[in-house]
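Hi everyone, thanks for coming. Let me put the structure up on the screen, and then we can walk through a few places in it together.

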Amino acid sequence: MKPLKYNKIIYLSLIIVYAWLPNMVYALSADQWLQQGQTYFAQGHYEQAIQHWEAGLDTLSPDSLTQRQQIDLHAQIAHAHQSLGHSDKAIELLERNLPLVENDITQHILLLAALSDLCLATHQYIKARQYINQAVDILEVEQVPTAISAMVFNNLGNVLAVEAYFDESISVYQKALTHAGNKQPELHIRILVNLSRTYLKNHQFKQAIQSLQQAYQALSLREDKYDKAFLFVTVGELAQNIQKQQQEYQTNGNNRQTLRQLAYESLAQSVRIAEKIHDDRLIAYAYGYLGQLYESEKRYEDSLKLTRRAIFAAQESEAYEILYRWEWQAGRLFQIQKQLDMAILSYQQAVKSLQAVRDELKTGYRKTSLPFRETIGLVYFELADLLLQKAKIDADPKWLIEARDTIELLKTVELQDYFKDDCLNQASTTLAEQMNMAKTAVYYPILLPDRLEILLSLPKGIKQFTVNVTALKLKDEANEFRFELETRETKDYIPYAQRLYRWMIEPILADLKRQQVDTLVFVPDGVLRTIPFAAFHSGSRFLIQEYAIATVPSLTLTDPTPLEKKTDIKVLLNGLSQSVQGFPQLSSVTNEVKFIERFYPQQSQTLLDNQFTTDNFARSLRQTPYSIVHIASHGQFNSDPQKTFLLTYDNKITISHLENLIRLSKIRNEPMELLTLSACQTAVGDDQAALGLAGIAVKAGARSALATLWFIDDAATSSLVSEFYQQLQREHISKAKALQKAQLHLLDRPRYRHPAFWAPFLLVGNWL
């Protein structure tokens, strides 16, 4: 298996740390199997290297290896695990060795530094800061070589850069440069590269260029080898990024030629060294980024030749973490040259390559990088765009289905990324396979930079609608709509509600009426996850007055099995009316729970106030396979899923904890039917937090979830939720219809007529 590249700062820093750790391993030159392990590692055969080193630890007697040699071997094994993308294993191994080096200052510092960078690579930011702070504390009281001090300060700069303390990071990098001096040229170069990147993040373009030029000059004097070539690639790529951001910020254009020349010379050097040492992976990086440079200069034929060379080398070396990038690049080049079929093929290859390595590609500095959909996600959207163009040219609905399926892949990946869970189960019978449900239409919006595409699946086929509104305009309009909608005292939301209706609903109205649709199932994307479609306004009526509405996170993660009106249904009712943990009281919760209890007098258990503890809740779910779980308490959906919670009397329940309690188990042989969260909220415009709300039913293992986009009057909540359960008792009524009637119940009451009271309720998942 070949190495997986992390964020460049992390990758370079780990090289620095591990360059110090294995010194004693080479002292065992008499042992051929150890040398073979080094050979395997240098060739990128990390699994074989691990096997040899572990065999060495098992084979040698304890007396033949010093403690330092044993630790160095463990460090080598950890490095190999990290190169395979198994960072958790690497961390576990190094942490196990940490107590053994407390009396060896140098080794202690080196292990702390390695652990800090590995924790950054796996998003464990607090631990990363703790480990590097421990290393810095040792430096303050112990004498260590200046090169090690430089390495520690470089890693501290990385941590500060992740936390977006750019000024502090720059200061620490400069301190690291002073310690590195001229006696550690390779470390000096890496610090300069990190410094340049941080200047760029801080929009200090002049300083970023100066640091990068210094790195290039120092690098040119080094011996030709792999690390030199890889650093040249990094310098070339960074020069292009600086040029691009300067253009975006419309700063000094006089540096354009300087940066272009720096990028070209760096990448040309990397190509020369890569060819000289016959390293296919390096060839893939060097030619690919040189092709990217030519693409930016509109030298498309030359760029395509270089890109194809990079693709071939990436395939030969199984460098899938970079292969997708050059297949994507080839797709763009074919598109520019009006070769639509070749462009589609290249994009499809890129998506296929992405599926194999997307987890490794997500590893990096999450806090300072763009969201997943704005980086890697662009591949999926650009492919969908091409497929939609192809659908119009060929008038063939198969291309519409391929476009939809492409975005489906992205939606699944995005939810897995949000929840940090690759085991989100796809429905055994997908919604996509049951599009012919009577009187139901599935509304699938695809937000492209220059337009909105609507794929409408009707009982009699799928149709495409194109609306000339940009993604940015739609995002701004949706955010303003949501903001104004939450203000109950005004009707300032109406212009936005009407514009959104005109853009998103009017184009499909004739088809909805022709096929007698009464239920709309939205598969929202991006900012559309944060708004209630129910409050769209035609000028005379709200959308909820015409259609029952449900949302699903994706087609493949939705089970459309109808709700069975069972007589043995079991219900767990939970409520918190009192003020606890700094949250205000919800005075109507008691009446809400008692009202619902009337519908299930022999089938329900109630945990109210001080009975609704985390332990009692968990115990109840472990003992009984409830069909419905109702939670009337404060809750919050956050962009960080670890900060998404439901409030209990004595604690908070995370979504992961909730999932563990209600997933299929020994006592539960079928999914929970309904999870109701009646006092939750997400922030305006927070697309990431809305991912948690969109995927709550999937993550928790329930067919459906009823939740709110924002916190509303608890009396209104109690009234609406009670009406929802009352409607749910009727025969032949779907959950979507039950919610519609409950929302109309509030809309018909003057006190609650404003959509701020009834619109935020969303039915997520199964609507039948």
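So, which residues lie nearest the centre of the largest cavity? They are Pro524, Arg529, Thr551, Ala694 and Leu762, out of 13 lining residues. Before going on: this is a predicted model, where local features need pLDDT of at least 70, side-chain atom pairs count only at pLDDT 80 or more, and totals for chains, interfaces and linings use all residues. Residues are numbered from 1 along each chain as its sequence is written, and side-chain values use heavy atoms, with hydrogens and water left out.

A cavity here is a set of points, on a 1 Å grid over the protein atoms alone, where a 1.4 Å probe fits but cannot get out, and lining residues have an atom within 4 Å of a point. Helices (H or I, at least four residues) and strands (E, at least two) are DSSP runs, numbered from the N terminus.

The lining of the largest cavity divides into 11 nonpolar residues, one polar and one charged. Nonpolar means Ala, Val, Leu, Ile, Met, Phe, Trp, Tyr, Cys and Pro; charged means Asp, Glu, Lys and Arg; the others, Gly among them, are polar.

The second largest cavity has a volume of about 60 Å³. Its lining includes Thr551 and Leu762, and β5 (548–551) and β14 each supply at least two residues. By class, that lining has nine nonpolar, two polar and no charged residues.

Now over to Ser704, in strand β13 (residues 702–708). Is Ser704 buried or exposed? Buried, with a relative accessible area of 0%; the cut-offs are under 20% for buried, over 50% for exposed and partly exposed in between, with a 1.4 Å probe and protein chains only. The Ser704 side chain makes a polar contact with the side chain of Lys735, at 2.6 Å.

Last stop, helix α16 (residues 320–336). Of its 17 residues, 12 are buried, among them Trp326 and Trp328. After α16 comes Lys338, with a positive phi near 65°.

Definitions and conventions. Polar contact = N/O pair within 3.5 Å; in protein donor to acceptor, adjacent residues only side chain to side chain. Expected span 1.5 Å × (residues − 1). 1 Å grid on protein atoms, 1.4 Å probe; cavity = no way out; pocket = protein on both sides within 12 Å on 5 of 7 lines; lining within 4 Å. Points joined across faces, edges and corners; volume = space filled by probe spheres on them.
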